[in-house]
Amino acid sequence: MVYCGKSSGGCHACRVRKTKCDKIPEGCTPCFRAKRECPGYRSQGDLIFRDESTNVVRKFKAKEAKKQALELSLSISLQPEVEASLKLVQQKDPYLSALQLAPTIEDLATGFFISNYVIELRASNRGHLDPIQDMTRTGQLDEGLLSSMKPVGLAGFAHAAHAPNLLKNARYQYVQALQSTNAALRDPVQVKKDSTLMSIMILGIFETITGCRQESLKDWSEHIKGAAAVIKLRGPDQIKTPAGRRLLVQVTAHLMIACMNKGIILPKHMIDYMIAAIELVKTPDPAFIIQDTVMRFSILHAEILQKILTDRETILSRALELDAKLLEIVANVHPGWEYKTVFTEEKSEHIFNGRYHVYKDYWMSQMWNTLRTGRILLNEVIRNTLLAGFSASPPVFRSAEHSAQFQISTDAIYEMQADILCTVPQHVGYFPKGETRFQTLAEVDQSQLPTIKMSGGSFLIWPLWLAGILDVATEEVRQFVKRNLDSVGTTMGIKQAHLLADILEAKTGITVWKED
């Protein structure tokens, strides 16, 4: 109760009209003369003391909310990941640095997105979505593209800034970005822009970061299917520019993950554009060759599953031919594609069998893991085809060469699996001391080692998951894979990594894709 001081004892009508009230018990004279019913008088206790509990609670809550908002803004401003992100944006790209200066959380998160997915520390290296830098210089960084960056940046920013309450804002921005992208898809001019295709790919990243259930994998694949549909609408002119070819390769790479898990063939227009792009580039770099080879394997894989192709000798011949293309890249490493193998005695949950790799950037590591994934899948087809031929009556394959090939393919699977496990430390930002075949790690310029980024975790989870679900995977390998998938999910906030770890442990496969 609060003391309110001395107050008027007159009736309510007199107080409102500010007339003198004589407070007669039966009703005051002013009310009698005005021919109205006197409303009566307040008790003296109510006049002196009043219950202010509701007002006090309201004021306290308002004060606490203001205090929490201030603490949140201070904690965010002090986070080293965020501060480093914004400095990086400002230093590396003046066209994007304006985002760093904006005071809103959404724009800070956009800067976080750019530093994690667009810009690399060194000009010689490329970021995952580095075509965005070119779009800013040519005036293509439109509102639709910016709106797609915000939810992804906020989702990652929420984890880096230890502010999970920002996820609600991220989901709101995601809905806004979907509406903006859908509007662009209905516009015959906007739908063909690089920025529209990039927006769809970025929204797929949001599902990777926030997806906690298998349904999110379906949502992710729907984004990729949408991107493939846009590729068709863009027509053949898109492969004439480096940015257009790069976007085509990225969409194809993601689409193959979904198609191979579902056992279906890539859309014909995607195959046609990839072939045309490779023919247009007279001397394609290994990345194009890898993607083309894996694409051709996905066609072979779907034809086998759908029983379009059943002849074992034809299957074996096609698989061996494709594997030879990838093996050629391994045997004759293209300049700039080199990586270091580090040997160490240090024990860590991120190191398997005492060795790991160091690549110049995450994109290069991703390309090597794509090659390894392709070789694993191809050699599984070779082994399974040989086994079926060995056990047929009469046997289809009898020669010593076939028996030797079975062992070669088995060894290749083990080797590729081990190499994928060697990419874990760099992707989680762990570089222990050790000796390489070329030099000690102490002699390596530490500034040349890539910094840890969310894009690194995003690149790692699918090849790592494959390494864990292989038939040849030991329990030790499975536990290593699960542990590091969970580590990516926990340290980088990529929820899809937790989901894949759970699927690995349950040994159920991706059921939502099987239901399609």
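**Reading burial, salt bridges and helix packing**

Mentor: Let's start with one side chain: Asp272 has 34% relative accessibility, so Asp272 counts as partly exposed. The cut-offs are under 20% relative accessible area for buried, over 50% for exposed and partly exposed in between, with a 1.4 Å probe and protein chains only. This is a predicted model, where local features need pLDDT of at least 70 and side-chain atom pairs pLDDT 80 or more, while totals for chains, interfaces and linings use all residues. Residues are numbered from 1 along each chain as its sequence is written, and side-chain values use heavy atoms, leaving out hydrogens and water.

Trainee: Which residue does Asp272 meet in a salt bridge?

Mentor: Side chains of opposite charge can pair when their charged atoms come close. Here we call it a salt bridge when a side-chain nitrogen of Lys or Arg is within 4 Å of a carboxyl oxygen of Asp or Glu. The partner of Asp272 is Lys268, at 2.7 Å from N to O. Lys268 is exposed, at 60% relative accessible area.

Trainee: How many residues does helix 14 have, and what does it pack against?

Mentor: Helices are DSSP runs of H or I, at least four residues, and strands are runs of E, at least two, numbered from the N terminus. Helix 14 runs over residues 268–280, which makes 13 residues. From first C-alpha to last it reaches 18 Å, close to the expected 18 Å, that expectation being 1.5 Å times one less than the number of residues. Its buried residues include Met270, Tyr273 and Ile278, and the buried set packs against helix 12 (214–234), helix 13 (242–262) and helix 15 (286–305).

Trainee: How many salt bridges are there in the whole structure?

Mentor: The search turns up 11. One of them joins Arg375 and Asp323, with the closest N and O atoms 2.8 Å apart. Arg375 is in helix 17 (residues 362–391) and Asp323 in helix 16 (residues 312–331), so this pair ties together parts that are 52 residues apart in sequence.

Trainee: Are Arg375 and Asp323 buried or exposed?

Mentor: Arg375 is buried at 6% relative accessible area, and Asp323 is buried at 7%. Lys482 and Asp486 form another salt bridge, 2.7 Å from N to O. Both are buried too, and they lie four residues apart in helix 21 (residues 475–492), about one turn.

Trainee: At what angle do helix 15 and helix 16 cross?

Mentor: Picture a line fitted to the C-alpha atoms over the stretch in contact, with angles from 0 to 180 degrees between N-to-C directions. The axes of helix 15 and helix 16 come within 10 Å and cross at roughly 160°, so the two helices are roughly antiparallel, a label given to angles over 145 degrees. Contact means heavy atoms within 4.5 Å, and the residues making it include Ile289, Phe297 and Leu300 of helix 15 and Ile315, Leu322 and Ile329 of helix 16.

Trainee: And the whole chain: how many helices and strands?

Mentor: There are 23 helices and five strands, and 52% of the 516 residues count as buried. One buried example is Ile209, at 2% relative accessibility, which lies in helix 11 (residues 194–210). The C-alpha atoms of Ile209 and Ile494 are 4.2 Å apart, although 285 residues separate them along the chain.

Definitions and conventions: Parallel < 35°, antiparallel > 145°, perpendicular 65-115°, else oblique.
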